[in-house]
Amino acid sequence: MAKIELLNITKRFGKFTALDNVNLEIKDNEFFVLFGPAGAGKTTLLNTVAGLVMPEEGLVKFNGEIMNKVDPSHRNVAMVFENYALYPNLTVYENIASPLRSPLYKKDDATIDKEVHRVAKILRIDHLVERLPSQLSNGQKQRVAIGRALVRNPNVFLMDEPIAHLDAKLRHHMRSELKEMQSSFNSTVIYVTHDFLEAVSLGDRIAIINEGKIVQVGTREEVYYTPCNEFVATLVGEPEINLVDGRLVVDNGKYYVEVMQKGYLMPLPENSGIIKKLVDSGITEYHLGFRPNNVKYTFQKQDGLLRGTVYSFESIGNKAVLIAKIGDQFLRMIAPNDLQVKLDQDVYVELPISKATFFNAQTTQFIGTSDEAAIYRLVQEQLSKGVQ
Amino acid sequence: MSKLIIKNLYKRYENKGKKKTDKNEFAVNNLSLECEDGEFIAILGPSGCGKTTTLRMIAGLEDITAGDIYIGDTRINDLHPKDRNIGLAFEDYALYPPLTVYDNIAFNLKAKGVPADEIKRRVHEIAPLLKVEDLLDKMPVSLSGGQKQRVNIARAIVRRPGILLLDEPLSHLDGKMRQALRTEIKRLHNEIKCTTVYVTHDQLEAMSLADRMAIMNLGVLQQFGTPMEVYDDPANEFVAGFIGEPPMNILKTTIIKHENDFYFTFENSELRILCPRRYYDLLKDGMQVKMGVRPTDIYVGGPDSKGTPVKVAVFEDLCAERRIGVRVGEELVMMITEDETRYRQGEQIKLEVNGEKTHLFDLETGNRIRPKK
Amino acid sequence: MRRKRMINNAVKNGLLALYAIFALFPLFWMVLISFKSDAQMFNTTFIFDPTLENYEAVLLRTDYFKYFFDSVIVSVIAVLVSVLAGVPAAYALARYNFKKKEDLAFTILSFRFAPEILVVLPLFMIYQKIGLYDTYFGLIWVYQLITMPLLIWVIRGYFEDISVEIEHAAMVDGYTWWQVFLKRLLPLIKPGLVSASLLAFIFAWNNFTFPLMLSGTKVETITVASLKYIASDTVHYGQMAVAATVSALPAVIFALCIQKHLVRGLSFGAVKG
């Protein structure tokens, strides 16, 4: 168990800057997710914590102690790799036992036996311990890799996309199982992923990283409801958030945004702080973000709604995504799986202005949301339930 | 644009599985399918289920062991691939690197000796459909994966094939690009209405694109129907477990009779579910079957609920939806809720199951047990 | 169907047998000769009075065993040196990125390009000047040209096939780099190491040009020594055959031992290399 601090970490590979002045503080016993697209520097950051990568600048601290010059074996970290990195010539048992046989963490055979069977049981692989890695399915291999990490009490668990290699179905299942065994880790965890569902499901806090820079750090509610810019907004959430152009219009002392079509005005909610924020921002051109599950639609003609055509209708498991084409813009929304719909038929869409997120159209930075009170309530509720 | 009929198709690889007793002797085993003119068919299954072999037999890249394939009224078994009037796009893009996008798309037409201005007209007609009109002068190396696949598909449809065959066209692409191109393929089909056979292992692709989908496993067709038929009314345990995300929860259960009512009970679990009445004719005390129920058909009961108390094993907040997992014996049973209540691991909830939406499967064969009408 | 298959098999086996005779006949012939007396050497083929005279003459009455052990010493130590230096070199080529890496790798391989006879003349001059001529060290040194490239190229492929994460995992498990290398990597490259070493040994053992030119009296390998049986007046074919037969034994025995692993061991790494 350890608090981990990264101070001004910069890492270059030749001319390429993989990490650019990264600062992070990971709390003791926290499940911390590093989330970002491929090539963002997530794995490099993880390897920096493990000591497998030496940063050019900056400090790595465990519990306040500078670790830069400590080699990986002495940092007491446990790691799970994307490609499992099992020793192909050793049985599952020996793979899991490996850390306990190393000179540093050496235990007697009885203890090893007990520990290996303990973690094998947690991971439901106790019937496989005599097998070689080549005789296992991918899901099982991944459990063994986790087992090798779980078998000792490290300062921190480092997990590098541990389930990214699994097929979709197994990935979802393993994600749920990882969530279930979260309490078994009983230590700080840093988890790297490019999958939004893994990030929000598992992370106590999520750091969003792009091109070697930390973009935002926050709880799932913070990154989902108050993304610091459009990049975060589009990365978090599936289907992707709808971003539409908007313009502030003041008429008779009332504030509106004009979106999608000329003359389509939506009144801004008066009592939410958003009007002041928009005015204070000093600009009148925005991008408005609407989550697909908040956008409403109907096939009955209705005044005051945006008229468009059905561009696509795609089932995504237990629900479906309906894409409407309005002018030359597209809006994604969630629909029931069994909706009867024809492509290109008319659809009428209502944008929920009370749940809009506003971004600066030039800088793409977050300005505010029209739903702050509700979000505040959500965050409070989450806090009262205790960190999970 | 033509009808595609597959009749009793078999495929056996000579050198594979030398043992005569090998069950998977046939890569494709007695497959019959009929695709209507202009229909979009998905062949869906896990790797090794025979879906790609089937596609390759339609394309003529693989010999047919037995059975017939008709395109329109023509039996094509013995036709050379180039004479079958098909368009084919593979998962790896296989563009000709030294040619521009335009020449790549035009390649087949040139080979057939179509006049130059006709080629030009057709390429420019197809390009906007796949949004590659701005890429025509580029070389394949400078394209992204998604763009390459668009060009690849454009190349397949520019010859106006009777049947368009797509083999996992999206599987090389990353998440966002995949979704975008999925939508484009759907639009494209709506535009050109070409009979399409689409091979994939991704059930979401099949569900979202296909008019009807054929689910295969171990060379055998499991079910052929519209996405909603397959989702709501699966033919067997395999189909039930394959379709839907998260998949259907399928549990081994023992039926017990208690005061004229039947209940599902589970090993090492307190959970008891009242069997729906429509099954009563089929049930016996002590009978063992498998029960399947979709994650959307399980609920957390309110305070006065008569549901079984269980402990939350997993609570996942996925922002737009929440998933709750409970352990029933060894199995993790997942449910989906859209309400905003949060649960802690270990918290007690009351589990309610919509009995009407449960499915029963034979313990041995996995076949669906249906109530008599 | 069945009949056709049987005929097929018969033809296949016939062709294989033909090839086996073609390939093995020289060996067989050599062994035959080694049992013939000089008198019968030219006038008989298969029917003769077998004699151990040649063996006696070569093995007991000459320094044959000295030559044999010279060969053993030079070849074994040459391979050992190659393993000790080549395995780390292969590791470096597989794992680290440094300037001119591929050029260096190519240079090492290029040692095998030039005909030996081409390099041996200048080497002869140099060796004489610096006192390496006719020493064990000198031969072991020059044998590196034969054994080292082979080892490095095979082992490099093996290292490249082991994902770097396996090393990382072991380090994180609490092993120092040396322990990782010895306990985790070495077992994984063992098949390649064994087959490449044995092949390198066979190549070194069979080498003729280098010992012919770079040694002569104090150190003399068996390949060169076999020439001694060509006297100025007559050629003792029988004795030469004995010398050749005995000297071929280690290579043949090794090749038989490892033949199953040899092809696989050499090609496993080569897939990527």
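How far apart do the end C-alpha atoms of residues 4-236 of chain A lie, and what share of the span is helix and strand? They lie 25 Å apart, and the span is 35% helix and 26% strand. Helices (H or I, at least four residues) and strands (E, at least two) are DSSP runs, numbered from the N terminus.

This is a predicted model, in which local features need pLDDT of at least 70 and side-chain atom pairs count only at pLDDT 80 or more, while totals for chains, interfaces and linings use all residues. Residues are numbered from 1 along each chain as its sequence is written, and chains are lettered from A and ligands numbered from 1 in the order in which they are written.

**View 1. Chain A and its annotated domain.** UniProt, in an unreviewed entry, places the feature "domain: ABC transporter" at residues 4-236 of chain A. UniProt positions follow the numbering used here, feature names are shortened, and annotations may be inferred rather than shown by experiment. Chain A has eleven helices and 21 strands, and its C-alpha trace spans about 80 × 45 × 45 Å along its principal axes. Of its 388 residues, 45% count as buried (20 or more other C-beta atoms within 10 Å of the residue's own; exposed means 12 or fewer, partly exposed in between; C-beta atoms are placed from the backbone).

**View 2. Helix α2 of chain A.** Seven of the ten residues of α2 (residues 92-101) are buried, so this helix is largely enclosed by the rest of the structure. The buried residues are A:V92, A:N95, A:I96, A:A97, A:S98, A:P99 and A:L100. They pack against α3 (109-122) and α4 (138-150) of chain A.

**View 3. The side of chain A that touches chain B.** Here 32 residues of chain A are in contact with 34 residues of chain B (C-beta atoms, placed from the backbone, within 7 Å). Elements giving two or more residues to the chain A side are α5 (168-180), α7 (196-202), α8 (220-225), β16 (306-315) and α11 (372-384). The largest share, seven residues, comes from α5(A). The chain A side divides into eight nonpolar, 14 polar and ten charged residues (Ala, Val, Leu, Ile, Met, Phe, Trp, Tyr, Cys and Pro count as nonpolar, Asp, Glu, Lys and Arg as charged, and the others, Gly among them, as polar).

**View 4. B:K290 and its surroundings.** B:K290 lies in strand β14 (residues 288-293) of chain B. It counts as partly exposed because it has 19 C-beta neighbours inside 10 Å. Leaving out residues up to four places away in sequence, B:K290 touches B:E237, B:I250, B:L251, B:K252, B:T253, B:F361 and B:L363.

Terms used
Contact = placed C-beta atoms within 7 Å.
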